[in-house]
Amino acid sequence: MKQIYLSADIEGIWGNSDSAYTMKDGYAYEQYRANMIYEVNLAIQHLFDCGAQRVVLNDGHGGMDNLIPAQMDDRVEMIVSHGAYKEYGMMEGISSDFDGVCFLGYHCRSNTPGVMAHTIWGSQVRSISLNGEEIGESGLNAHLAWYYGLPVIMVSGDSLLKEQLTSELKGQVHFVETKKTINSLCALNCSKQQLQQRYAETIKAAMSDHYEIYPEDHYALDITFHKERNASFVARVPLTNQIDRCTVRIEGDNYDELYRRMRFLIKISNAFE
């Protein structure tokens, strides 16, 4: 594998456990950001050590401008923008030019006890289902990778996410466990030495393995909001059907289009706040 696309979040990063500090007004945010920068750079280092010739990095957390370009590995190419201008959000810049995809610092879907678990926007979205099965950000983003013909070769996050991925990503996934889940705001971190060793071993294996991809013929995405008013508001958008008080459905055969529409609907659902 020569060209790798890397999408990074903050909740599954080593050392981070409290959502109060994952946004820029949290007093410990700069430490959480520093942990994110360190771990992403660690992964990038091992990707290049294992034969990658090009790594493209996209910040996928919150405003999606947490990673500081000047502090990233000199070899990495980085998508720089506030998330409002990223049509694909966590997957901005994805294309069929890559050979594989990595998800770093990811977390469990909503309605689970995973560390800081939520799906896309926890204060607005209760859950998202794809073809009748509740799914998290890992699964949603993996389907976009598969749509482009790309395998997900490695994921990192807490121990409960590893269990979740057996259903969402279907095949074998190389996984770096950054911490053991105790509850949604409590985790047992591995040592920093263990973290370094896990990335080294996992990326080495991931870069030499063979993979399957799992595209679907048709996609039905159900977005369930916490409040009825959000669902009824976004249901005004063409090709969006309200199927119960809090849920809207979009569907079709083109997952790329649906993914972008899903992000747009969730973004505008906040018009009341």
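Predicted model: local features only at pLDDT ≥ 70, side-chain atom pairs only at ≥ 80, totals over all residues.
Residues are numbered from 1 along each chain as its sequence is written. Local features need pLDDT of at least 70 and side-chain atom pairs pLDDT 80 or more, while totals for chains, interfaces and linings use all residues; side-chain values use heavy atoms, leaving out hydrogens and water.

Trainee: How much space lies in the largest pocket?

Mentor: A pocket is an open set of points on a 1 Å grid over the protein atoms alone, where a 1.4 Å probe fits and protein lies on both sides within 12 Å along at least five of seven lines. Grid points are joined across faces, edges and corners, and the volume is the space filled by probe spheres set on them. For the largest pocket this is about 660 Å³.

Trainee: Which element gives the largest share of its lining?

Mentor: Lining residues have an atom within 4 Å of a point, and 29 residues line the largest pocket. Helices (H or I, at least four residues) and strands (E, at least two) are DSSP runs, numbered from the N terminus. Helix 2 (137-147) and helix 6 (255-268) give two or more residues each. The largest share, five residues, comes from helix 6.

Trainee: Which side chain of opposite charge is nearest to Glu92?

Mentor: Glu92 sits in the loop between strand 3 (77-79) and strand 4 (100-106), and is buried (under 20% relative accessible area, with exposed over 50% and partly exposed in between; 1.4 Å probe, protein chains only). Lys and Arg count as positive, Asp and Glu as negative; His and the chain ends are not counted.

Trainee: About how many helical turns separate Arg33 and Glu30?

Mentor: Their side chains meet in a salt bridge at 3.5 Å, N to O. Arg33 counts as buried at 13% relative accessibility, whereas Glu30 counts as partly exposed at 48%. Because the two are three residues apart in helix 1 (residues 29-49), the separation is about one helical turn.

Trainee: How many residues apart are Asp222 and Arg249?

Mentor: The side chains of Asp222 and Arg249 meet in a salt bridge at 2.6 Å, N to O. The pair links distant parts of the chain, with Asp222 in strand 10 (residues 219-225) and Arg249 in strand 12 (residues 247-252).

Notes: Salt bridge = Lys/Arg side-chain N within 4 Å of Asp/Glu carboxyl O.
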